[in-house]
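Please read the points below with the model open beside you. They are meant as a short note from one colleague to another.

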Amino acid sequence: MDVHDLAHRAAQALESLPEAGVTPLLELLDPGVRWLTDWKGDGVFEHSELFGRTRHEGREAVRGFFDRVHRRRTPESVELTRSVIGDGEVVLLGRMTWSGENGGPLASDFTLRLALCDGAVTEARFLTLPDRHIETFIPNHRTSPELDSDRIRRLIRDFQKLYFDAYLLGKTWSETYWMGFPTFKCPLDMWVYQEMITELRPDLIVETGTCAGGSALYFAHICELVGRGRVVSIDLQPYSDPLPEHEKITFLLGPSTAEETLRRVRAEIPQGATVLVVLDSDHRRDHVYAELKAYADLVTPGSYLIVEDSNLNGHPTKPDFGPGPMEAIDDFLAEDPRFRMDPEREKFLVTWNPRGYLLKIRN
């Protein structure tokens, strides 16, 4: 199923809601879908137990939620006004009308966003807003050229290249610190890491590429805040001396793919532990590929194997870098069906790790 087919089927499913109920919409979803529901209808949901933000995991949980909503108040009509098709996602915009509590009509604008990965809808979000509020949610969405998917891609790529290259002037990522230690990362990705650690509560975070130790310290502080987890950080030769000190960090010296290094990492993993791995050392394709193969087995199903700096080699930065992380990712995913990209981790639009958030779906 490609995004154009998905847009057509989703539009048909929405328009059938008054007659056929929610089943056609739910049939679009992968069994393991994550559905973030944000109901803010004008008098429709805000005075009921359905008000608020709820993240449902799995198609059956989503089905139960929408069945309750549909029984409570079935929309009288659904009108689609716009669809936006992007890379691996579809956004449908429109308006629903309902019978009011006193018999008068109510209208709610809505957006339905479906994210597609490997031919399945793996993330979805349904947002309803009071009548006519959609124009403030997505400015001028009916006519705005900014919502053209090609234009959006160009804007994101151009900004990322500008942000990346500004390091040559002593700006942006070359001057980004955590508690005084350089991190050399995009702060948007660091925020994503904070969300992932909070969600997964990993027992161990393995980082290859200690560099100045700032990211290891950041991970350790987030683990401290959530009350769980430690960090093992590996490098041939750290960038800084001294490195940050923290009781939750173990620094290892040695090649990240050497058997002795891997043996020491395995010794740090408790029985039944949840493990998250971040690869940020040598960015040449062959080395990243070797790291992916070496650390894939350590990652827990439901957790992530993250490849950093996959924006190199023209994706979109440093076009003369040569085969790098992105090329290694493509080769690895073609061989290992246990992992799939999670595009939802790129929700801030700009990331140093495009296609690099690899979710392990099974052992």
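1. Basis. This is a predicted model, in which local features need pLDDT of at least 70 and side-chain atom pairs count only at pLDDT 80 or more, while totals for chains, interfaces and linings use all residues. Residues are numbered from 1 along each chain as its sequence is written, and side-chain values use heavy atoms, with hydrogens and water left out.

2. Whole chain. The chain has eleven helices and 15 strands; helices (H or I, at least four residues) and strands (E, at least two) are DSSP runs numbered from the N terminus. Of its 363 residues, 53% count as buried, where buried means under 20% relative accessible area, exposed over 50%, and partly exposed in between (1.4 Å probe, protein chains only). The accessible surface comes to about 16900 Å², and carbon and sulfur atoms hold 51% of that; the areas come from the Shrake-Rupley method with a 1.4 Å probe, and for residues only the protein chains shown count as cover. Among contacts with a separation of 6 or more, 64% are between residues 24 or more positions apart, contact meaning heavy atoms within 4.5 Å.

3. The largest core. A nonpolar core here is a set of buried Ala, Val, Leu, Ile, Met, Phe, Trp, Tyr and Cys residues joined through side-chain atoms within 4.5 Å. The largest one has 31 residues, and Leu14, Trp35, Met96, Leu112, Leu114 and Phe126 have the most contacts inside it. Elements giving two or more residues to this core include helix H1 (3-15), helix H4 (59-72), strand E1 (29-39), strand E5 (105-117) and strand E6 (120-130). H1 supplies the largest share, seven residues.

4. Trp35 and the second core. Not counting residues up to four places away in sequence, Trp35 touches Leu25, Leu29, Thr54, Arg55, His56, Val62, Phe66, Leu112, Ala124, Arg125 and Phe126. There is also a second, separate core of 26 residues, which includes Val265, Val277, Leu279 and Leu333.

5. Helices H7 and H8. Two packed helices are described by the angle between their axes and the distance between the axes. For H7 (residues 187-200) and H8 (residues 214-226), the angle is about 35 degrees and the axes are 10 Å apart. Axes are lines fitted to C-alpha atoms, for helices over the stretch in contact, and angles run from 0 to 180 degrees between N-to-C directions. The crossing of H7 and H8 is right-handed, a term used if the near helix is turned clockwise from the far one by less than a right angle, left-handed being the anticlockwise case.

6. What H7 and H8 bring together. Met190, Trp191, Tyr193, Gln194, Ile197 and Thr198 of H7 meet Tyr218, Phe219, Ile222, Cys223 and Val226 of H8. This contact has nine nonpolar, two polar and no charged residues. In these classes, Ala, Val, Leu, Ile, Met, Phe, Trp, Tyr, Cys and Pro count as nonpolar, Asp, Glu, Lys and Arg as charged, and the others, Gly among them, as polar.

7. The loop between E13 and H11. Ser310 lies in the loop between strand E13 (304-307) and helix H11 (325-335). Ser310 is buried, with a relative accessible area of 0%. Leaving aside neighbours within four places in sequence, Ser310 is in contact with His315, Pro325, Met326, Ile329, Trp352, Asn353, Pro354 and Gly356. The peptide bond from His315 to Pro316 is cis, with omega near 10 degrees, and Pro316 lies in the loop between E13 and H11.

8. Thr317. This residue also lies between E13 and H11, and at 2% relative accessible area Thr317 is buried. Beyond four places in sequence, Thr317 touches Gln160, Lys161, Phe164, Asn311 and Leu312. Thr317 and Asp158 are 159 residues apart in sequence, with their C-alpha atoms 9.5 Å apart.

9. Positive phi. Thr172, not a glycine, has a positive phi of about 50 degrees and sits in the loop between helix H6 (149-165) and strand E7 (177-178). Arg355, not a glycine, has a positive phi of about 65 degrees. Arg355 is partly exposed, with a relative accessible area of 31%.

10. Asp87. Asp87 is in the loop between strand E3 (77-86) and strand E4 (89-99) and is exposed at 58% relative accessible area.
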